Amino acid sequence: MARATQAIIDLHALRENYRLAKQRASNSRAYAVIKANAYGHGMLTIANALSMDADGFAVACLDEAVALREAGILLPILVLEGAMDSNECQVAFDLDLELAVHQQQQLHWITLAKGSIKVWIKVDTGMHRLGFAVQDVPAVVSDLRLQSNVSQIHLMSHFSCADEIGHPFNQVQLDQMHTLSPMKLPWSMSNSAALLTLPSSHGESVRPGIMLYGASPIVGSTGQDFDLQAVMTLQSEVIAMNSLKAGESVGYGRSFTASRDTQIAVVAIGYGDGYPRSAKAGTPVLIKGKKCPLVGRVSMDMLTVDVTEANVQLGDTVTLWGTGLSADEVATHCNTLSYELFCRLTSRVKFQYLGR
Ligand SMILES: Cc1ncc(COP(=O)(O)O)c(C=O)c1O
């Protein structure tokens, strides 16, 4: 029998989450952020699943955009980091992509390119990662307005603290963007967190990512708190049962020693599949609808769970995260975010798509 470790991707839930994003930002276009293999969910399948609904897609780099066009995706595609050289810039023109520009060199490459393109000027409103300083933007706009190969100009920026509701820096960044409103250009600032909690940031278009996959962008909450549905359910199965006597230990380093007679389920998933080795003792896993605590160290191919309080048998299905156990909750036990849990799954995990 094959190893049961698999990620089940619910495309119906994905479309519902996109619909919710559109409802919450009803006057904005929504570019679904599907970079990094759609946050580990499988970029091409996710793009196809959203292609009837989405206003556009956003990816990080040209390779991702090219893969989408080669797969026949015709919707607008925004490349968030823009072109990396003049060749990439010309390919973006040729494939009718939309390019972010965040530095002078990229402006120069645009002057050299043939065709026509929509440009998103990245404005640094305080993140200090990518973008032109607010005071430099009017000159950049003037330059681009002189380019006959630039069909449209948009402004975009990115929040640094939108995951904390009411963080004062969110308003500081919004105010910075608003200083550019006399230019009357369409603008975009909202990631999932801002889309859900800061309506004044919606602008002409929004860029939801993590919420489409059903996880929460807000610290200390779960996707369910925002009526989002889990898209990825990561599952495996119990491949061995062990009875430990009080004082016996399990796994590498003997990091768990039983304080009482303990039933241990061995589950066929480990860090070789992308389940984090950093998962602490007590990280929940779901078996037969019951949350059971992980104990001992996560190894490459297996992890161990204390199932003394549950009626667990060999072959039982185990949910590591997904429906019934939020990735947000698991991530908290691993000192990380759902984003990273999703992105780090390895090629050993089989993907099954529901609702194509
Ligand atoms: C520029 C930009 N916009 C939007 C997003 C989507 O963010 P989120 O997944 O938090 O919605 C990202 C993600 O990193 C991003 O880099």
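Colleague: Leaving aside neighbours within four places in sequence, which residues is Gly282 in contact with?

Modeller: Pro293, Leu294 and His333. Two residues are in contact if their C-beta atoms, placed from the backbone, lie within 7 Å. Keep in mind that this is a predicted model: local features need pLDDT of at least 70, side-chain atom pairs count only at pLDDT 80 or more, and totals for chains, interfaces and linings use all residues. Residues are numbered from 1 along each chain as its sequence is written.

Colleague: Why is Gly282 called exposed?

Modeller: Count the other C-beta atoms within 10 Å of its own: 20 or more makes a residue buried, 12 or fewer exposed, and anything in between partly exposed, with C-beta atoms placed from the backbone. Gly282 has 10, so it's exposed.

Colleague: Where is Gly282 found?

Modeller: In the loop between strand 14 (262-267) and strand 15 (284-287). Strands here are DSSP runs of E, at least two residues, and helices are runs of H or I, at least four, both numbered from the N terminus.

Colleague: How do you know which domains the protein chain has?

Modeller: The bounds come from an automatic or database domain assignment, which gives domain 1 (11-216) and domain 2 (232-354). Their contact takes 11 residues from each of the two.

Colleague: What makes up the side of domain 1 that touches domain 2, by class?

Modeller: Six nonpolar, five polar and no charged residues. Ala, Val, Leu, Ile, Met, Phe, Trp, Tyr, Cys and Pro count as nonpolar, Asp, Glu, Lys and Arg as charged, and the others, Gly among them, as polar. Helix 2 (residues 35-40) gives the most to that side, with three residues.
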